[in-house]
Amino acid sequence: MTSEKKKVFGLSFLSVFLWASAFPLTKVAQQQFTSIPLGFLRCTVAAIFLIIIGKCCHIRLPQKKHIPLFFVSGGLGFTGYMITFNTGILTLTSATSSIIIAVTPILTAIVASNLYKEKIKPIGWAAIAAAFIGVLILLLWEGIFSINIGLIWTVGAAIVFCGYNIMTRRLSAMGYNALEIVTYSMICGAILLGFWAGDGLHQLAGASVSHIIALIYLGALPSATAYFTWGKAMSYAERTSEVTNFMFVTPLLSTIMGFIILHEVPNAGTFIGGAIIIISIVVFNLKGK
């Protein structure tokens, strides 16, 4: 394995490992913090770390006329995502939540096919249909009258993050690099969540050391460092798929971590629906585009 390949492998795996850890660690933090104040605190910690990283990497300031676009990007990818994700995971296992979020690249491809006329092959549309069936299995496994509202919130999280991906593409076309986009989007996301700053700071004042550590971890590592290492991996890779294929292991890692940290045991619906979704995502990324 060449030096460049090793960098791609190491940085990509580190990114998905950190993202996977966010699922069980969010549930740990929610023992002390409520959903939206937690989102504000996590985004604020992440923004601080990204500003530090950005200063070290000498990122450029955004043009004034583009600031509203960063607020849209941050509102979707961080404000909207934190609200929907944190609310959804309250009643879900780490495994189920991570599997639903894993559908985001497929949703992004569907939107991009309409906005940017990117072609999706017939096998790609078949994979999309199969993934939708997998989501339905997750939603309805316990019966049509007992849909877990957490799944609805988490599907919402996947949708708003899809919107963030589309905005990222637009900002990238304007000449901004990955670190600039995530830094300014995160800052804007934290500002929009500022309405819950009072609740967040009040809860922080009464938090135990372990919950504060979980909060700092969520902001500094899955929310800040992982985006930075993901962008670096992309810069070293010859093909985008060399990096994005690592996303397939996120649900597996989060399931293992959920079992170790929280003693979560997914039900049969998670295994069946999750397997269908993950296989669909693999087929879509390898053969569908």
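The largest nonpolar core of this predicted model has 59 residues. A nonpolar core here is a set of buried Ala, Val, Leu, Ile, Met, Phe, Trp, Tyr and Cys residues joined through side-chain atoms within 4.5 Å. Buried means under 20% relative accessible area, exposed over 50%, and partly exposed in between (1.4 Å probe, protein chains only). The residues with the most contacts inside this core are Phe33, Cys43, Phe78, Tyr81, Phe85, Val182 and Met186. At least two core residues come from each of helix 1 (3-29), helix 2 (35-57), helix 3 (67-88), helix 7 (149-173), helix 8 (178-192), helix 10 (209-236) and helix 12 (250-262). Helix 1 gives the largest share, eleven residues. Helices (H or I, at least four residues) are DSSP runs, numbered from the N terminus.

Take Val182. Leaving out residues up to four places away in sequence, Val182 touches Leu50, Phe78, Tyr164 and Tyr227. Contact means heavy atoms within 4.5 Å. Another core lies apart from the largest one and has 18 residues, including Ile120, Ala127, Val135 and Ile281.

Now the cysteines. The structure holds zero disulfides (pairs of cysteine sulfur atoms within 2.5 Å). Cys56 is exposed, at 60% relative accessible area. Cys188 is in no disulfide either; its nearest cysteine sulfur, in Cys43, is 11 Å away. Cys188 is buried, at 7% relative accessibility.

Residues are numbered from 1 along each chain as its sequence is written, and side-chain values use heavy atoms, without hydrogens and water. Local features need pLDDT of at least 70 and side-chain atom pairs count only at pLDDT 80 or more, while totals for chains, interfaces and linings use all residues.
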